Amino acid sequence: MKVLLTGGAGFIGSHLAEKLLARGDQLAIIDNLNSFYDPAIKKANLDAVRSKRNFEFYENDIRDQQALTRVFREVMPERIVHLAAYAGVRPSLENPVLYSEVNVTGTINLLELARRHRVQNFVFGSSSSVYGINSKIPFHEDDPITSPVSPYAVTKRAGELLCHSSYHNFGLKACCLRFFTVYGPRQRPEMAIHKFARLILQRKMLPVYAQGKTERDYTYVDDIVAGIIAALDGDFGFEIFNLGNSRAVDLLSVIALLEKELGMSAQLQELPAQRGDIEITCADISKARALLRFEPKVSLEQGIKLFVKWLLEQQ
């Protein structure tokens, strides 16, 4: 297939790119290599992908309609995976306008071009953060989404609704995938597992909020990529799927696993809960199991071991 992947220089995107190329898809990547974190990391991700097989790359911003129009005319994609976004709950509290411009307006631009070019399937990378304050555990796709607590979560829910609108009004098939705390090699440096591992190695204090009692459904990147590919290959109208490990683990337990694999002790700095944070995320993946045949294969213990091995190789 001719696949257009936005955000392909990032953590999840680069892993997905490798899998798509390995199975013979024609791939074009759009990424503006912004400075949300070091662009050199994203360039290294692209180099790692390119070392296995070549692809077309466009250094463009998804807010730039004219640039996107040129890309679509050149690539003529059959299917799209849209992962490009400003990520993170806490940064979105500081710059909600930027998050809205990129995550909402950028998604509208892509959906409009996908409709005009009769794209067969549009896969949108959403987030478990859309559930917000939800007392029902685990989270199910049919749960009412009434209490997102960050601008980031709101922009991801807006993206889902825009995908639904495009399907309802124009027949553009779309799958929205709610990712639950993805980790693994190439994880963004500001995310908890990567950040804490580096701080332990540097013998620095780990900032631990809310006594480390917050729980997350940690999902290994290879499992997420398998779910994305299943959605990309599927033939749905409009669907939303949770992609998670279906197991909530508290932060202190994650730190203990990192200590074990690194062979070092962590020094904790206890801090109050942060704005925008939620206490727990946990995915009900019964729908993804049934329709995508999604089955996470990597446990948190195995995944932490694989992540630490990768991290130490980077030192």
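Let's start with a cysteine. Cys175 is buried, at a relative accessible area of 1%. Buried here means under 20% relative accessible area, exposed means over 50%, and partly exposed is in between, using a 1.4 Å probe and protein chains only.

A word on the source. This is a predicted model, where local features need pLDDT of at least 70 and side-chain atom pairs count only at pLDDT 80 or more, while totals for chains, interfaces and linings use all residues. Residues are numbered from 1 along each chain as its sequence is written, and side-chain values use heavy atoms, with hydrogens and water left out.

Back to the cysteines. How many disulfides does the structure hold? The count is 0. A disulfide needs a pair of cysteine sulfur atoms within 2.5 Å. Take Cys163. Its closest cysteine sulfur belongs to Cys176, and 4.0 Å is too far for a bond. Cys163 is buried, at 0% relative accessibility. Cys175 is in no disulfide either; its nearest cysteine sulfur, in Cys176, is 7.6 Å away.

Next, strands. Helices (H or I, at least four residues) and strands (E, at least two) are DSSP runs, numbered from the N terminus. Strand E6 covers residues 174–179 and runs parallel to E11, with 6 bridges joining them. Two strands pair if DSSP finds at least two bridges between them. Ala174 stands opposite Phe238 in E11. Why is E11 called largely enclosed by the rest of the structure? Because 5 of its 6 residues, 238–243, are buried.

Now a helix residue. His15 sits in helix H1, residues 11–22. His15 is buried, at 11% relative accessible area. Which residues does His15 touch, leaving out those up to four places away in sequence? They are Pro185, Arg186, Val221, Asp222 and Val225. Contact means heavy atoms within 4.5 Å.

On to charges. The structure holds 19 salt bridges. Each has a side-chain nitrogen of Lys or Arg within 4 Å of a carboxyl oxygen of Asp or Glu. One of them joins Asp61 and Arg63, at 2.8 Å from N to O. Arg63 is partly exposed, at 33%. Another joins Glu190 and Arg188, with the closest N and O atoms 2.6 Å apart. Glu190 is partly exposed at 35%, whereas Arg188 is buried at 16%.

Then there is Glu261 with Lys305, at 3.4 Å from N to O. Glu261 lies in helix H9 (residues 251–262) and Lys305 in helix H11 (residues 300–314), so this pair ties together parts that are 44 residues apart in sequence. Salt bridges with shared partners also join Glu18, Lys52 and Arg186 into one network.

Last topic: rings. A pair of aromatic rings is described by the distance of the centres and the angle of the planes. Rings of Phe, Tyr and Trp (its six-membered ring) pair if their centres lie within 6.5 Å; planes under 30 degrees apart are stacked, over 60 edge-to-face, and the rest tilted. The count comes to 10 aromatic pairs. Tyr86 and Tyr99 form a tilted one, 5.6 Å centre to centre, with 50° between the planes. Both are buried. Phe307 and Trp310 form another tilted pair, at 5.7 Å and 40°. These two are 3 residues apart in helix H11, so about one helical turn separates them. Ring pairs also link Phe36, Tyr86, Tyr99 and Tyr152 into a cluster.
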